[in-house]
Amino acid sequence: MQSDFYGIKIVVISKKMDLVKFVNDQVTHNALPSFKAGDTVTVHYKIREGSKERIQQYQGVVITRSGSGSTQTFTVRKVSNSIGVERIFPVNSPNIDKVEVNSRGVVRRAKLFYLRELTGKKARIKEKRV
């Protein structure tokens with residue numbers, strides 16, 4: 001049973017199985033594809049400006065995934081106007097609309113912080129053949 005109280009949804013759960021189903025629905029709502037460090041992804045992120053809302057795309061290389069559970073984050077790095085820009089996204093953020101994996105990278109480490117010092121062709125990551 002759901003009711004609306006000043007714009008806030010109130011959900012009354014009658015049984016334990018209903019509670020489990022409700023939690024699973026909430027968790028799988030923001031299911032992301034599997035990706036790891038070295039993959040090139042496009043993150044569709046919701047931006048709120050006043051009463052308007054738009055979706056901004058941020059494309060770059062995942063350089064790290066850190067944390068576990070509800071505090072898990074991933075860092076995406078891109079080069080914009082010859083300046084390196086990194087952005088940290090929480091995995092469970094409701095502002096993430098979707099994440100697209102553009103290409104899979106072949107890397108041998110979990111944290112790619114060495115990419116910060118590299119420029120040009122040296123900063124390329126080999127692409128995994130499918």
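Tutor: Gladly. Begin with strand pairing. Strand β3 (residues 40–49) and β4 run antiparallel and are joined by 10 bridges. Keep in mind that this is a predicted model.

Student: What makes β3 and β4 a pair of strands?

Tutor: The bridge count does. Pairing needs at least two bridges between the strands, and β3 and β4 have 10. Glu 49 stands opposite Lys 52 in β4. The hairpin has 2 residues between the strands, and Gly 50 there takes a positive phi near 70 degrees.

Student: How do you know that β4 and β5 pair?

Tutor: By the criterion of at least two bridges. β4 and β5 are joined by 5 bridges and run antiparallel. Ser 66 stands opposite Thr 73 in β5. This hairpin has 6 residues between the strands, with Gly 67 at a positive phi near 85 degrees.

Student: Why is Asn 81 called exposed?

Tutor: The cut-off for exposed is over 50% relative accessible area. Asn 81 has 70% relative accessibility, so the label is exposed. Ser 82 has 73%, so Ser 82 is exposed as well.

Student: Now the rings. Why is the pair of Tyr 58 and Phe 89 called edge-to-face?

Tutor: The structure holds 4 aromatic pairs. In this one the ring centres are 5.8 Å apart and the planes stand at 65 degrees. Rings pair if their centres lie within 6.5 Å, and planes over 60 degrees apart count as edge-to-face. Both values pass, so the pair of Tyr 58 and Phe 89 is edge-to-face.

Student: Which parts of the chain does that pair tie together?

Tutor: Tyr 58 lies in strand β4 (residues 52–66) and Phe 89 in strand β6, so the pair ties together parts that are 31 residues apart in sequence. Tyr 58 and Phe 89 are both buried. Ring pairs also link them with Phe 35, Tyr 45 and Phe 74 into a cluster.

Student: How do you know that Arg 87 has its charged end over the ring of Tyr 45?

Tutor: The distance part of the test asks for CZ of Arg within 6 Å of the ring centre. The charged end of Arg 87 is 4.6 Å from the centre of the Tyr 45 ring. The test also asks for a position within 35 degrees of the ring normal. Arg 87 is listed as sitting over the ring of Tyr 45. Arg 65 lies over the face of Phe 35, at 4.4 Å from the ring centre.

Student: What makes up the largest nonpolar core?

Tutor: This core has 13 residues. Among those with the most contacts inside it are Val 41, Val 43, Phe 74 and Phe 89. β3, β4, β5 and β7 (96–103) each supply at least two residues of the core. The largest share, 4 residues, comes from β3.

Student: Which residues does Val 43 contact beyond its neighbours within four places in sequence?

Tutor: They include Tyr 58, Phe 74, Val 76, Phe 89, Ile 96 and Val 99. A second, separate core of 6 residues includes Ala 37, Val 61, Ile 63 and Leu 112.

Student: Why is Ala 37 called buried?

Tutor: Buried means under 20% relative accessible area. Ala 37 has 9%, so Ala 37 is buried. Its place is in the loop between α1 (16–28) and β3.

Student: What does Ala 37 touch, leaving out residues up to four places away in sequence?

Tutor: Val 62, Ile 63, Val 107, Arg 109, Ala 110 and Leu 112.

Technical notes:
Residues numbered from 1 in each chain as written. Predicted model: local features only at pLDDT ≥ 70, side-chain atom pairs only at ≥ 80, totals over all residues. Heavy atoms only, no water. Buried < 20%, exposed > 50% of the residue type's maximum accessible area, 1.4 Å probe, protein only. Phe/Tyr/Trp six-rings, centres within 6.5 Å; stacked < 30°, edge-to-face > 60°. Core = buried A, V, L, I, M, F, W, Y, C linked by side-chain atoms within 4.5 Å. Contact = heavy atoms within 4.5 Å.
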